[in-house]
Amino acid sequence: MFLSCHFDFLPLTFNVLKSMEVSPFRGIRYNQRIVGDLAQVICPPYDIITPEQQKLYYKKSDYNAIRLEYPIESLEPTGDRYQRAAGTFQQWLKHGILQLDSVSSFYLHDHRFEYSGEKMVRRGLIARVKLEPWGSGIYPHEETSSKAKSDRLQLMRACRTNFSPLFSLYHDSEQKVVPILSHAAQKKPLMLLRAERSNLPDSNEDHILWAITDPETKRELSQFLFSQPFYIADGHHRYETALNYQQERTQEQSDSFDSSVIATLNGVKRKQSLAGKEAFQYVMMELVDFSDPGLLVLPLHRLVRGIASSILVGLGNQLRNFFALESVPLKAGSCQLPADSCLGILGLQPGSLVVLKKRQDISLEAMMPGNRSQAYREFGVSILNHIILDAVLSGAKDLDVAYTVDFKEAYQQIKEGEYQLAFLLNPPQPEMVKAIADAGDRMPSKSTYFYPKLPAGLIINPLD
């Protein structure tokens with residue numbers, strides 16, 4: 001994966017936190033009487049699925065959501081894969097494989113998983129959220145690329161549906177939502193999915209889903225969440241795609257007919273506007289509290305190759321111009337970065353992790369672009385990108401950079417000589433995500449990995 005992508009960075013100024021409209025909706029769900037085990041029909045979002053994994057999800061079930069979320073080209077009949085996804089979706093609706101819920105609901109979702117041997121639960125609320133421009137109650141934290149947005153827009157045009165929710169964060173500082181959700185979780189679940197253990201990305205995850213249908217409870221949730229700003233954790237591309245799709249559908253509607261209804265009451269004609277309430281004006285999100293104990297953010301380590309040997313030999317001395325370097329012997333292929341470190345490097349010294357720390361006489365922040373926030377300048381990925389990759393390694397013109405969340409994979413790639421260096425980063429804290437977003441800034445692309453990913457096919461949101 002090369003660092004030659006075009007990233008869209010939009011400087012934003014957020015002076016006032018605005019409100020977001022949050023609504024229950026009638027979701028589309030799998031009919032368990034037809035598909036059987038629901039754990040066999042969901043899949044991760046498209047952007048973490050390898051071609052090999054894509055084929056395995058196809059084999060899990062004839063009804064796996066991979067056929068909608070990320071259809072494979074070589075195993076399908078000829079034709080546009082987005083249109084094939086749309087055709088499959090319509091067929092599944094026609095034959096009752098997928099069914100529209102009869103009552104609008106908020107969907108409470110407990111996502112159970114294991115990480116480093118610890119069992120964890122992340123609780124989220126799946127809802128429809130009114131689409132607003134960035135900075136109007138909804139805030140990004142990472143830069144995005146154009147390619148992924150084009151792919152998702154074509155799928156959305158063909159299917160007119162959200163197959164997976166965006167992942168957003170809010171701050172329940174007064175603890176008003178927690179008791180409501182805890183009470184809802186005491187009732188009988190709508191769905192219980194226990195995943196089989198395998199090598200697939202979602203193999204260690206279970207899901208419990210409840211439908212919140214009580215009118216008063218729905219009103220309370222909508223009312224409280226209306227006053228909260230939302231921060232996109234995962235799904236920047238899909239949110240920007242949804243904004244583009246909203247514009248297209250609004251334009252189509254205005255071109256084809258007047259989006260209003262003329263009602264005649266007592267001989268008086270009145271214009272009742274429908275604009276702004278159509279399903280395509282909203283996007284499906286799962287909302288998670290910043291303080292949720294299951295909220296886990298992992299770093300995306302960088303694997304680098306393409307460095308000339310002449311540059312690599314002198315890299316240690318070059319780095320000493322900016323950092324204090326410490327060598328930590330590797331023990332059984334495991335390590336932990338010290339809390340006060342900027343980052344670590346594998347491959348610079350055989351058998352050791354080289355830890356980079358700030359020097360008292362050097363201001364790394366002063367070397368950052370002047371238009372970036374203080375939080376951005378202190379962030380580990382920013383230091384890596386601007387000072388090491390752009391400045392120290394400026395002579396390496398053809399860097400090949402890959403990403404992994406797994407230290408063991410990074411260690412193995414260096415050991416086997418697949419990559420020359422691995423830059424290891426500390427986990428980003430959710431507070432850092434919020435601080436950078438509040439400053440109207442964005443982290444570099446691939447700075448955070450919210451684990452685990454939300455599945456596609458659990459709840460489907462129609463846009464018609």
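User: Among contacts between residues at least 6 apart in sequence, what percentage join residues at least 24 apart?
Analyst: Bear in mind that this is a predicted model, where local features need pLDDT of at least 70 and side-chain atom pairs count only at pLDDT 80 or more, while totals for chains, interfaces and linings use all residues. Residues are numbered from 1 along each chain as its sequence is written, and side-chain values use heavy atoms, with hydrogens and water left out. Contact here means heavy atoms within 4.5 Å. Taking contacts between residues at least 6 apart in sequence, the share joining residues at least 24 apart is 78%.

User: How many disulfides does the structure hold?
Analyst: To count, a pair of cysteine sulfur atoms has to be within 2.5 Å. As for cysteines, Cys43 counts as buried because its relative accessibility is 0%, and Cys342 is buried too, at 8%. The disulfide count for the structure is 0.

User: How many cavities of 30 Å³ or more turn up, and how much space lies in the largest cavity?
Analyst: Rolling a probe the size of a water molecule over the atoms shows where empty space is left. A cavity is a set of points, on a 1 Å grid over the protein atoms alone, where a 1.4 Å probe fits but cannot get out, and lining residues have an atom within 4 Å of a point. Grid points are joined across faces, edges and corners, and a volume is the space filled by probe spheres set on the points. The whole-structure search gives 4 cavities of 30 Å³ or more, and the largest holds about 150 Å³.

User: Which helix gives the most to the lining of the largest cavity?
Analyst: The lining includes Glu69, Arg152, Leu155, Phe163, Arg238 and Val283. Sorted by class, it has 5 nonpolar (Ala, Val, Leu, Ile, Met, Phe, Trp, Tyr, Cys, Pro), 3 charged (Asp, Glu, Lys, Arg) and 4 polar residues (the others, Gly among them). H5, E9 and H8 each put in at least two residues. With 3 residues, the top contributor is H5.

User: What charged residues line the second largest cavity?
Analyst: That cavity holds about 50 Å³. Its lining splits into 4 nonpolar, no polar and 3 charged residues. Pro45, Pro165, Phe167 and Leu454 take part in it, along with Asp234, Arg238 and Lys453.

User: Arg238 keeps coming up: is it buried or exposed?
Analyst: Arg238 sits in helix H8 (residues 236-256). Beyond its neighbours within four places in sequence, it is in contact with Tyr46, Arg152, Ser164, Pro165 and Leu166. A polar atom of its side chain lies 3.3 Å from the backbone oxygen of Pro165. Its relative accessible area is 14%, so Arg238 counts as buried.

User: Which side chain does the side chain of Asp400 make a polar contact with?
Analyst: A polar contact is a pair of N or O atoms within 3.5 Å; within protein, one must be able to donate a hydrogen and the other to accept it, and residues adjacent in sequence count only if both atoms are side-chain atoms. Asp400 is in strand E22 (residues 400-404) and is buried, because its relative accessibility is 9%. At 2.7 Å, the partner side chain is that of Arg305.

User: Where is the place of Pro452?
Analyst: A cis peptide bond joins Tyr451 and Pro452, with omega about -5 degrees. Pro452 falls in the loop between strand E24 (449-451) and strand E25 (461-462).

User: What is the phi of Arg160 near?
Analyst: Arg160 is in the loop between helix H5 (146-159) and strand E9 (161-162). It counts as partly exposed because its relative accessibility is 31%. Its phi is positive, in a residue other than glycine, and is near 55 degrees.

Terms used
Buried means under 20% relative accessible area, exposed over 50%, partly exposed in between (1.4 Å probe, protein chains only). Helices (H or I, at least four residues) and strands (E, at least two) are DSSP runs, numbered from the N terminus. On a 1 Å grid over the protein atoms alone, a cavity is a set of points where a 1.4 Å probe fits but cannot get out, and a pocket is an open set with protein on both sides within 12 Å along at least five of seven lines; lining residues have an atom within 4 Å of a point.
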